[in-house]
Amino acid sequence: MLIIDSPSDNAYFNIASEEYLLGKYPKEDIFLLYVNAPSIIIGKFQNTLAEINLDYVNENNIKVVRRMSGGGAVYHDAGNLNFSFHTLLGNHDFMDFSTFTQPVVSLLNKLDIPARLEGRNDLLVDGKKFSGNAKLAKNGKMIQHGTILINSQMQVLSDALKVNPLKFVDKAVKSNRARVTNLIGYLPSGFTTVHFKKLLMEEMKLENPEAKISTFSPVDIENIEKLIKEKYETWDWNFGFSPNYNFKKAIKIPAGFIELHLDVHKGYIERAKIFGDFFASKSIHEIESLLVGKKHELEEIDLLLRSVDLTAYFGQVDASEILTLFK
């Protein structure tokens, strides 16, 4: 087994590194640890816009990254440790989460913390979740990765993942907002994510005496950065990959009441309908037609709105007011 402590807190880098390691080490077992700066990690089959508070995410410069595995959306920051096991697919039951969560449970039990695996894939203490786990199979290998909430910013977690449920009727997998907790209240005074990471690496060495500590080489980093550019920081992967969904939002502005309905496929608008009590000198169907084929992405829609005379369709409005309909 190779134990790798990522040198980066960039969520694009760390999520991309999981895919990169699959190709570089087709046979070896790997235990990867990383800590991300504030970011939201979206499950592969989720509708990104239905999982996040887009305004809050943008205002707070929180990265949004889709991972390769299924499961729900999670928030990462410096108070959250992430672990990732890579092993040959045939060596373990794919639906068995206990094998690769046991080192975490064992370590916590040694610290007199009554942690345990409950349900399919969650680690709990006193009935509250501090770790969620997900899996994927690819290229003959299996990855199981999970989070460990040490001292994460719970209010940011709540705000970043908060979304208006009336805005979306999607065909994707929605996250189950389980009651969560940090471990900091159970750990010795002054304990940090770095302390826990060090202890977990020691626990893995204890359980796997043949394990070797490894690092990313300059070539590895260059290849991971290439994968980031091609995939993990792109709109197509993080937003456009989303399953089909219907979007609905209404606003009340001085020009009147306006309601927007969108049918979105792979991140692109296939159908748009606009309703309201506004006054217009031109048919609103013209705007609806212009929206078809555009990304459901604020920058692209903003460019479109600023390229036309919106007062001819909605009365006395400006582009920023109409743009709020698409958030």
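## Helices α1 and α7

Helices α1 and α7 are roughly perpendicular to each other (65 to 115 degrees; under 35 is roughly parallel, over 145 roughly antiparallel, the rest oblique). The model is predicted: local features need pLDDT of at least 70, side-chain atom pairs count only at pLDDT 80 or more, and totals for chains, interfaces and linings use all residues. Residues are numbered from 1 along each chain as its sequence is written, and side-chain values use heavy atoms, without hydrogens and water.

Helix α1 covers residues 11–24 and helix α7 residues 218–232. Helices are DSSP runs (H or I, at least four residues), as are strands (E, at least two), numbered from the N terminus. The two axes come within 9 Å and cross at roughly 115°. Axes are lines fitted to C-alpha atoms over the stretch in contact, with angles from 0 to 180 degrees between N-to-C directions.

## The contact

Contact means heavy atoms within 4.5 Å. On α1, the contact residues include Tyr12, Phe13, Ile15 and Tyr20. On α7, Ile221, Ile224, Leu227 and Tyr232 are among them. The contact residues divide into 10 nonpolar, two polar and five charged (nonpolar: Ala, Val, Leu, Ile, Met, Phe, Trp, Tyr, Cys and Pro; charged: Asp, Glu, Lys and Arg; polar: the others, Gly among them).

## Two positive phi values

Asp112 is not a glycine, yet has a positive phi of about 65°. Asp112 lies in the loop between α4 (98–110) and β7 (115–118). Its relative accessibility is 70%, so Asp112 counts as exposed (over 50%; buried is under 20%, partly exposed in between, with a 1.4 Å probe and protein chains only).

Asp126, also not a glycine, has a positive phi of about 55°. The loop between β8 (122–125) and β9 (128–138) holds Asp126. Asp126 counts as exposed at 52% relative accessibility.
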